[in-house]
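Please open the structure in your viewer and keep the selection panel at hand.

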Amino acid sequence: ARRRPNLCSSAMPDIDVARLRCYAFRYADLFEAYCGNSLASCDYAGLKAFHEKHGRAEKRIMRCASSDVACYAMRNPDLSAAWCGGATATGDASQCEWAALLQHYADAGRAEGRPYGCEGDDVRCYVTRYPDLLDGGYCGGSLDRCDWRALREHWEASGEQEGRIFGCSPPSPPAPLLASPPPAGSLSPSLAPGGGPPSCRLSRGGLVWVVATPAEAAPLFRHLKTTSCAAGGPFATHRSADGRHMLVISGRGRALAAAAVGYASVLSGASRRRGSVAWMNVGIGAHGSLSAGTLRGLRSVYDSSRGTYASFSAPAAEGVELSLGVSVLRLAEMASLQSHVPSASDAIFDSEAAGFLEVGRLVAPLEQLAALKVVAIRPTATAWPSPTDSAVEMLVEHAWPQVRLVADKMLAALPQEAADRCSGC
């Protein structure tokens, strides 16, 4: 925060002082800069000047009673009991002592890591789980338009009694992005041309899924009913019981995605017969304006590390709207690339598509390659994952029906002779 000279505030109306106290309590940077983390030392005139010059433009809240504070009480039952008479359990926050709640947050809640505000992974998963909430009056079909306080009040007032599930599913069992390397000399036999452990080979023409993280893979594990294969290999790898689907977790980044495609082409048996297997890269991405949960296919990819473009075949993502993809090495590149790369203002940003396509087109025709991305963050983000793993899992789960349609079309489009000859791979 920008510090102001210590001005006399004795003539300031009491109502302004009350609001400014809440303003300082709400924002840690202001409480430190203008109050020295002590209410007795607050420079209220300086706080007010800051808000007039900067805070209003930054959309900072300068009042005590507001939804973020109501949700703070709602998400912390002990605080609701102490300062709202427990009324938030029925969605009524009118009895809350707003300033006391904000002072608690400034003095203790923030340091204790208590949940604050209305939006959060728990309520995001709640609305994603129930289409009537997402498509009804709470969100109007878009997560970007959700009334998060109203959704929390819905859960408190009726959702629990209706037997609904609030929050996200438990985290998936941990699976390493990169497993420990196999013992020296043990990799060659399994990677001999056409080789690979029998448990990982695709029994007939099938589909290889390449995903970056376990959170993105978890919904695919469930729907495809996969089990682990190739234990001890460099990438966590799964195969479905029917032998038509193989899933490999690459880890984040262009190089790992490229290496995972090469590895999976041998394990699946696809390296022996180019065109016998289809390939799909699925994961989260960033977009400047699309709603979280929106699914897009990539028609082409700009590789920021090389300054080159490469194209997918449009029919591979039939039924899903297509966008330019931009693969970055570091998330910090996204914001600057939006203004330097043609059409990047409407691009989907990720870290794996360029590597996936580079090696994928060596092992399969372009019409058998597709990349699907679920919007999860903005190009201004600085770290993956944002949102958290549990929210990523729910976003991919929400997109599954569309993803499965594309997968089914890709499998159906495989040449029959390719499926037949792969049965002996």
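Before the first stop, one term is needed: a residue is called buried when its relative accessible area is under 20%. Keep in mind as well that this is a predicted model.

If you then colour the 425 residues by burial, 54% of them count as buried. Among the contacts with a separation of 6 or more, 74% are between residues 24 or more positions apart.

Next, select helix 4, residues 67–75, together with helix 6, residues 98–112, which pack with their axes 10 Å apart and at an angle of about 70 degrees. Because angles from 65 to 115 degrees count as roughly perpendicular, helix 4 is roughly perpendicular to helix 6. The crossing of these two helices is left-handed. To see where they touch, show the side chains of Val 69, Ala 70, Tyr 72 and Ala 73 on helix 4, and on helix 6 those of Trp 98, Leu 101, Leu 102, His 104, Tyr 105 and Gly 109.

Now move to helix 7, residues 121–129, and helix 9, residues 148–159, whose axes are 10 Å apart and packed at an angle of about 70 degrees. This angle makes helix 7 roughly perpendicular to helix 9. Here Asp 122, Val 123, Arg 124, Tyr 126 and Val 127 of helix 7 meet Trp 148, Leu 151, Arg 152, His 154, Trp 155 and Gly 159 of helix 9. By class, this contact has six nonpolar, two polar and three charged residues.

For the last stop, select Val 127, Trp 209, Met 280 and Val 403, which have the most contacts inside the largest nonpolar core, a set of 55 residues. Helix 15, residues 389–413, gives the largest share of this core, with 10 residues. Centre the view on Val 403 and, leaving aside its neighbours within four places in sequence, you will find it in contact with Trp 209, Met 280, Val 282, Leu 295 and Leu 372. A second, separate core has 34 residues, including Cys 229, Ala 230, Ala 260 and Leu 290.

Conventions:
Residues numbered from 1 in each chain as written. Predicted model: local features only at pLDDT ≥ 70, side-chain atom pairs only at ≥ 80, totals over all residues. Heavy atoms only, no water. Axes fitted to C-alpha atoms, helices over the stretch in contact; angles between N-to-C directions. Helix = DSSP H or I, 4+ residues; strand = E, 2+ residues; numbered from the N terminus. Parallel < 35°, antiparallel > 145°, perpendicular 65-115°, else oblique. Left-handed = near helix turned anticlockwise from the far one by under 90°. Contact = heavy atoms within 4.5 Å. Core = buried A, V, L, I, M, F, W, Y, C linked by side-chain atoms within 4.5 Å. Buried < 20%, exposed > 50% of the residue type's maximum accessible area, 1.4 Å probe, protein only. Nonpolar A, V, L, I, M, F, W, Y, C, P; charged D, E, K, R; others polar.
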